[in-house]
Amino acid sequence: MSARTIDPVRRSLLMSGAAGSAAMALGWSGPARADAWPSKPIRWVVAYPAGGGSDFLARQLAPVLGKALGQTLVIDNRPGAAGIIGTDNAAKSPPDGYTLLTGDNGAMVFNSALYKKLPYSPGDFAPVGFMARFPLLLVVNPGAGFASAKQWLEAVKARPGKYSYASPGIGSPHHLAMELLKDRTHSYIVHVPYRGTAFSTQDLIAGVVPMGILDTAAALPHLRAGKLKALAVLAPRRIAALPEVPSFEELGVSGVDVSAWQGLFVPKGTPEPIVARLGAELAKALGQPELKGRLEDFGLEVAPGDAASLARFIQAETQKWHALIHNRGITAE
């Protein structure tokens, strides 16, 4: 039958049916259709308190992404239980493009090995893109008597168990970074876990604990003020924020590459066209010089990456850290 012989009503029904079939094939439905999204504000879950590094990154990015998407991005801080509370909330949200999550080492890698039972699975999320990372540093109190990382290494290896180190908590990137460093250097240093970076930093400055692992955002103000001293960066090479501080690789300690990284995620099942658009806009935002400069001044290394590269990275991180956690018998319970 020629298209000219189809009456207007029937033609309209046929066309709407074909469009609906195509939408279903692409996984679009209701308000999650790519051509209609976003039609309302988007919630961005940060599973840590306001004022911290994860919160800072999200709040710097939200206005830029919101402008590009034509909607407001509302930061929803849901701290508690090593990020589990906020992450679980995001995992159980509708996969409609209106919930984002800042995911990190803990949520996407560590927790599934540190806890026997989690209310969510890292597989409950689809990666959108890599955002940035906080390099980690070995820092000491200036009065602790360590002039260099080489001297520090000689001292801790010569007197196992004599020294202690501070971390923001069991299972934090800082804790596991030192455990990796101890593993690679065959040394034994006593772990003193705190309830957050602010408390561990306070005791490092006071000299209650002689050494610790801090991220750049937490450490930089105290390093500049001379209250703490950085001995080495846990990375393959020196970092731009502290070009005078050597890497452990330079010191002959290989395989110590740890950072507190941040990625953007959505609940699994979010339509692919929405994920793709989010990823594209995220990459554009992170490439803006003004925003990039603010993030770097705070201590972040901007490291944009697409969804596929983030998924591969998480897979490699999971293999690496789960092996270390199990081999060293580390548990958060």
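Student: Is Lys292 buried or exposed, or something in between, and what is its relative accessible area?

Tutor: Lys292 is partly exposed, with a relative accessible area of 31%. Here buried means under 20% relative accessible area, exposed means over 50%, and partly exposed is in between, with a 1.4 Å probe and protein chains only. Before going on, note that this is a predicted model, where local features need pLDDT of at least 70, side-chain atom pairs count only at pLDDT 80 or more, and totals for chains, interfaces and linings use all residues. Residues are numbered from 1 along each chain as its sequence is written, and side-chain values use heavy atoms, with hydrogens and water left out.

The side chain of Lys292 meets that of Glu296 in a salt bridge, 2.7 Å from N to O. A salt bridge is a side-chain nitrogen of Lys or Arg within 4 Å of a carboxyl oxygen of Asp or Glu. Glu296 is partly exposed too, at a relative accessible area of 37%. Both residues belong to helix α10 (residues 289-298), where they are four residues apart, about one turn of the helix. Helices are DSSP runs of H or I with at least four residues, strands are runs of E with at least two, and both are numbered from the N terminus.

Another pair sits in helix α6 (residues 173-185): Glu179 and Lys182 are three residues apart there, again about one turn of the helix. Their side chains form a salt bridge of 3.0 Å, N to O. Glu179 is buried, with a relative accessible area of 6%, and Lys182 also counts as buried, at 6%.

As for the whole chain, the count comes to twelve salt bridges. The secondary structure consists of eleven helices and ten strands. Of the 333 residues, 50% count as buried. Contact means heavy atoms within 4.5 Å; among contacts between residues at least 6 apart in sequence, 77% join residues at least 24 apart.
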